[in-house]
Amino acid sequence: MSIRDTMNPVARRLPLAGGRPAAGATASGVQDRFGRTINYLRVSLTDMCNLRCVYCMPADMKFRPPAELMQDAELLRLIELFGALGFRKIRYTGGEPTLRDNLPGLVCRVAQFPGIEAQAMTTNGLLLDQLAAPLKEAGLQRVNISIDSLDPQKFRRMTRWGNLRDVLAGIQAAERVGFEIKLNAVVVRGFNDQADAVELARLTREHDWQVRYIEIMPFGGIHEFQRGHIVSEDELRATIGSALGPLELQDDGKLDGEARIFRLRGARGTLGFISSVTKPFCAGCNRARLTADGKLRLCLLRDKEVDLLTPLRAGAAAPDLEALIRANIWDKPWGHGLEQNQFATNRTMSEIGG
Ligand code: SAM
Ligand code: SF4
């Protein structure tokens, strides 16, 4: 069976890719059947992590053998293909992306690919103290650093063994070398939904940072825990507002990526709310995901994936790989099914990258 046989009828009528940009791709991305333009790729560099956050993975998480993961040359080849298809922004994630060997070298190579305009990374920050400078020099433009609490004990409870001091050192290093700072906090009922969330928001009074609160999303194996610990954006805003005063909506509520932005009166920084569960933003989704084992994942919260690494290793030509990507993006699911109690079951969050 050829790759063309696996395509839906509409995609099959499109010519196979040949030049740059690839056929069927617009200069700014690939269309799906709902008219969305997909031009943002989140790339998981490894499924491994140096933490075990309670909302992300089970304590006894098993990682994939290295042979199953994309090697540097494979990863670079696929990112280059996505660039040719009109993808403009890459975000590195994991697992923990800073565990990937030679990360600055990879970033430096990707910076040279035609079409790729922005490279960003989401990290737990533990290794940023050492890596912030080389990554900035290599061409990384933005970092989001995950930090769920400013209380060392609570931070340890949420990450199962993390040391808050390491993350704070990472944030300082990122700021020192000139990265714009965004902090991510997953809000978990009974863990960090009260004083911790408020203290994180307070940081924005003095710092020109964005603190982003993420509603916990349920996945497969640990979805019972995750579902039982969701805190809605509305509830969280009320908690922060009653402690620190009114939150003023910014940009008329226009989303910054997936976050709705607010500001405490007089604050230098902003607060972002990523409310995938209670206020889904699927209509504006522009993302696709590449897992560390080379699967193209079409929606974070749906199991649907297509294997790119196996055809790549079997010697598939660029136009065939591009056609495979294009055809599957065309069929990207509309959105998640959390309201219908449908969960993604085939991976934990750490195996996709958020
Ligand atoms: N290890 C890196 C980190 O923690 O920033 C990158 C990978 S992590 C999977 C990416 C983002 O997903 C982090 O901001 C993390 O807090 C968030 N995350 C993990 N599990 C989640 C869940 N169940 N629901 C919502 N966000 C989650
Ligand atoms: Fe690791 Fe990030 Fe998941 Fe925490 S959220 S366990 S740091 S991958």
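1. A salt bridge is a side-chain nitrogen of Lys or Arg within 4 Å of a carboxyl oxygen of Asp or Glu. Glu 305 and Arg 297 meet this description, with N and O 2.8 Å apart.

2. A word on the background: this is a predicted model, in which local features need pLDDT of at least 70 and side-chain atom pairs count only at pLDDT 80 or more, while totals for chains, interfaces and linings use all residues. Residues are numbered from 1 along each chain as its sequence is written, chains are lettered from A and ligands numbered from 1 in the order in which they are written, and side-chain values use heavy atoms, with hydrogens and water left out.

3. Do have a look at Arg 297, which also forms a salt bridge with Asp 303 (4.0 Å, N to O). Arg 297 is buried, at 0% relative accessible area, while Asp 303 is partly exposed at 28% and Glu 305 is partly exposed at 23%. (Buried means under 20% relative accessible area, exposed over 50%, and partly exposed in between, using a 1.4 Å probe and protein chains only.)

4. Next, find Glu 351 and Arg 64, whose closest N and O atoms are 3.0 Å apart in a salt bridge. Glu 351 lies in the segment after α11 and Arg 64 in the loop between β3 and α2, so this pair ties together parts 287 residues apart in sequence. (Helices are DSSP runs of H or I with at least four residues, strands runs of E with at least two, numbered from the N terminus.)

5. How many salt bridges does the whole structure have? The search finds 29, and one network of them links residues including Arg 64, Arg 297, Asp 303, Glu 305 and Glu 351.
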